[in-house]
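This report goes through one protein model part by part. Please look at the sequence and the structure first, then read on.

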Amino acid sequence: QAQLVESGGGLVQAGGSLRLSCKASGSIYSINAMAWYRQAPGKQRELVAAITSDGSTNYADSVKGRFTISRENAKNTGYLQMNSLKPEDTAVYYCNANLDTVIRNGMNYWGKGTLVTVSS
């Protein structure tokens with residue numbers, strides 16, 4: 001069994017920065033694509049950023065130029081560096097990853113989320 005655990009959320013003032021981490025653990029062979037989603041109160045979950053196995057990235061328009069997604073394959077960990085944070089970035093941030101595991105290849109997993117609160 002595999003799992004994803006996010007960390008790094010918290011309270012920050014507008015204009016500040018946070019770095020989220022997503023650690024994959026368990027019986028994992030490799031991480032394929034990895035992504036960060038967020039869900040603000042009363043809103044649908046939305047894609048924030050994604051990164052493929054070869055390092056290609058894409059971002060939501062609302063975070064382009066402010067957020068950077070990256071991964072460290074040797075540590076089975078992904079990151080989301082968030083700069084110039086705005087109050088509208090306040091949300092629970094979820095890690096999503098497509099993993100090759102001992103059970104099956106290409107399984108999709110979600111973390112439980114980490115709360116980011118940006119004060120004005």
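## Terms and basis

A residue is called buried when its relative accessible area is under 20%, exposed when it is over 50%, and partly exposed in between, using a 1.4 Å probe and protein chains only. Helices (H or I, at least four residues) and strands (E, at least two) are DSSP runs, numbered from the N terminus.

This is a predicted model, in which local features need pLDDT of at least 70 and side-chain atom pairs count only at pLDDT 80 or more, while totals for chains, interfaces and linings use all residues. Residues are numbered from 1 along each chain as its sequence is written, and side-chain values use heavy atoms, with hydrogens and water left out.

Tyr37 is part of strand β4, which covers residues 28-39. Its relative accessibility is 22%, so Tyr37 counts as partly exposed.

Which residues does Tyr37 touch, not counting residues up to four places away in sequence? Taking contact to mean heavy atoms within 4.5 Å, Tyr37 touches Arg45, Glu46, Leu47, Val48, Val92, Tyr93, Tyr94, Asn96 and Trp110. Tyr37 and Cys95 are 58 residues apart in sequence, yet their C-alpha atoms are 6.4 Å apart in space.

## The nonpolar core

In soluble globular proteins, nonpolar side chains tend to be buried together. A nonpolar core is here a set of buried Ala, Val, Leu, Ile, Met, Phe, Trp, Tyr and Cys residues joined through side-chain atoms within 4.5 Å. The largest nonpolar core in this model has 31 residues, and Trp36, Leu80, Met82 and Tyr93 have the most contacts inside it. Strand β9 (residues 91-101) gives the most to this core, with five residues.

Leaving aside residues up to four places away in sequence, Leu80 touches Leu18, Arg19, Leu20, Trp36, Val48, Ala49, Phe67, Thr68, Ile69 and Tyr93.

## The disulfide

A disulfide is a pair of cysteine sulfur atoms within 2.5 Å. The structure holds one disulfide. Cys22 and Cys95 form it, with their sulfur atoms 2.0 Å apart. The pair links distant parts of the chain, as Cys22 is in strand β3 (residues 18-26) and Cys95 in strand β9, 73 residues apart.

Is the disulfide left-handed or right-handed? The torsion about the S-S bond of Cys22 and Cys95 is about -80°, so the disulfide is left-handed. Cys22 counts as buried because its relative accessibility is 0%. Cys95 is buried as well, with a relative accessible area of 0%.

## Salt bridges

A salt bridge is a side-chain nitrogen of Lys or Arg within 4 Å of a carboxyl oxygen of Asp or Glu. By this rule there are five salt bridges. One of them joins Glu46 and Arg38, whose closest N and O atoms are 2.7 Å apart. Glu46 is partly exposed, with a relative accessible area of 36%, whereas Arg38 is buried at 7%.

Asp89 also forms a salt bridge with Arg38, the closest N and O atoms being 2.9 Å apart. Asp89 lies in the loop between β8 (77-82) and β9 and Arg38 in strand β4, so the pair ties together parts that are 51 residues apart in sequence. Both Asp89 and Arg38 are buried. Salt bridges that share partners join Arg38, Glu46, Arg66 and Asp89 into one network. Another salt bridge is formed by the side chains of Lys64 and Asp61, at 3.1 Å from N to O. Asp61 counts as exposed because its relative accessibility is 64%.

Two strands pair if DSSP finds at least two bridges between them. Four strands form an open sheet with antiparallel pairing, in the order β1-β3-β8-β7. Strands β1 (2-7) and β7 (67-72) stand at the edges, each with a single partner strand, so one side of each is left without a neighbour in the sheet.

Strands β1 and β3 pair in the antiparallel sense over six bridges. The bridge partner of Glu6 in β3 is Cys22, a residue that also forms the disulfide with Cys95.

## Two positive phi angles

Most residues other than glycine have a negative phi. Asn76 has a positive phi of about 50° although it is not a glycine. Asn76 is in the loop between β7 and β8, and is partly exposed with a relative accessible area of 23%.

Ser84, likewise not a glycine, has a positive phi of about 50°. Ser84 is in the loop between β8 and β9, and is partly exposed with a relative accessible area of 40%.
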